[in-house]
Amino acid sequence: MSMTFGVSSSVTLLFDFWDVHGPAGMVLSVFVVLLLTVFYEVLKVWRVWLGRSSKLAPPHCPDAASLPSHSDSISVLESSPSESSLTPMASHPPVSNTRSSWLLHCIQTVLHMLQVSLGYMLMLCVMSYNTWIFLGVIVGSVLGYFISFPLLGQN
C-alpha cells in the first residue's frame, strides 16, 4: 500500500465489501463519505447544544421558603434582569430530576460513542490516501460546520 496521496479511482474503504473500481463508484463513495462527515459535524454541535440546554434549565425550588417575600421582591426586582425570575416554579420531585439527569447523561454517552466511532472511521477513510476521499472528508466537514454551527446560537 502506497503511503502517498493518489488520484486513483480504485480503492478499498474500511471494509472488504467497500471495494471501489471506476469513476462512478468513486463518486458514490465520495458522496457517502461527505454525508458521513456532515453527520459527524452535526453530531458534534448537537452534543454541545444538549449540554448547554441542560445547563440553561432553571433549577426547581423544592420549598416556598426560598422565595422572596413581597417586601423583598421590590429590591430583588430592581437588581434582577427580568421579572420572570421571581415567578414561583412548580416543584418536581427530586427523583424526576435525577432520572432526567441520568437519561441525559446516557444519551450524551451514546452520542459520544457514536461521534468517536464515526471520527475514527473517517480518519481511516483519509488514511486510504485517496485524494478524492480526502477532499470528500474536507468538503463534508466544511459543509457540516456551515450548516450546523448557526444552530448552536439558537436555544
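Me: Which residues have the most contacts inside the largest nonpolar core?

Reply: The general idea comes first: nonpolar side chains tend to be buried together in soluble globular proteins. A nonpolar core here is a set of buried Ala, Val, Leu, Ile, Met, Phe, Trp, Tyr and Cys residues joined through side-chain atoms within 4.5 Å. Buried means under 20% relative accessible area, exposed over 50%, and partly exposed in between, with a 1.4 Å probe and protein chains only. In this structure the largest core has 14 residues, and Leu13, Met26, Val33, Leu122 and Ile133 have the most contacts inside it. Two or more residues of this core come from each of helix 1 (23–56), helix 3 and helix 4. Helices (H or I, at least four residues) and strands (E, at least two) are DSSP runs, numbered from the N terminus.

Me: Good to know. What kind of model is this, and how are things counted?

Reply: It is a predicted model, where local features need pLDDT of at least 70 and side-chain atom pairs count only at pLDDT 80 or more, while totals for chains, interfaces and linings use all residues. Residues are numbered from 1 along each chain as its sequence is written, and side-chain values use heavy atoms, with hydrogens and water left out.

Me: What is the mean pLDDT of the chain, and which element has the lowest?

Reply: pLDDT is the predictor's confidence in each residue, from 0 to 100. The chain has a mean of 79, with 71% of its residues at 70 or more. Among its elements, helix 4 has the highest mean pLDDT (93), and helix 2 (residues 70–79) the lowest (47). Residues 58–86 have pLDDT below 50, and this stretch has 16 contacts in the model beyond near neighbours in sequence. Contact means heavy atoms within 4.5 Å. Where pLDDT is low, the predicted coordinates should not be read in detail.

Me: How many helices and strands does the chain have?

Reply: Four helices and two strands, and from the N terminus on they run β-β-α-α-α-α. Of the chain's 155 residues, 23% count as buried. Among contacts with a separation of 6 or more, 75% join residues 24 or more positions apart.

Me: Where does UniProt place the feature "transmembrane region"?

Reply: Its unreviewed entry places that feature at residues 20–43 and 129–152. UniProt positions are given in the numbering used here, feature names are shortened, and annotations may be inferred rather than shown by experiment. In the model, residues 20–43 are 88% helix and 8% strand, with the end C-alpha atoms 27 Å apart. Residues 129–152 are 92% helix and 0% strand, with the end C-alpha atoms 33 Å apart.

Me: How many aromatic pairs are there in the whole structure?

Reply: Rings of Phe, Tyr and Trp (its six-membered ring) pair if their centres lie within 6.5 Å; planes under 30 degrees apart count as stacked, over 60 as edge-to-face and the rest as tilted. A search of the whole structure gives four such pairs. Phe5 and Tyr129 are an edge-to-face pair, because their planes stand at 75°, with ring centres 5.4 Å apart. Phe5 lies in the segment before strand 1 (10–12) and Tyr129 in the loop between helix 3 (94–126) and helix 4 (131–152), so the pair ties together parts that are 124 residues apart in sequence. Phe5 is partly exposed at 44% relative accessible area, and Tyr129 is partly exposed at 22%. Phe15 and Phe17 form a stacked pair, with 0° between the planes and 5.3 Å from centre to centre. Phe15 is partly exposed at 41%, whereas Phe17 is exposed at 71%. One aromatic cluster consists of Phe5, Tyr129 and Phe134.

Me: Is Ser29 buried or exposed?

Reply: Ser29 counts as buried, at 5% relative accessibility, and it is found in helix 1. Its side chain joins that of Trp18 by a polar contact of 3.0 Å. A polar contact is a pair of N or O atoms within 3.5 Å; within protein, one must be able to donate a hydrogen and the other to accept it, and residues adjacent in sequence count only if both atoms are side-chain atoms. Leaving out residues up to four places away in sequence, Ser29 touches Leu13, Trp18, Val20 and Ile133.

Me: Which side chain does a polar contact join to that of Asp19?

Reply: That of Thr12, at 2.8 Å. Asp19 is found in strand 2 (residues 19–21) and is partly exposed at 40% relative accessibility.
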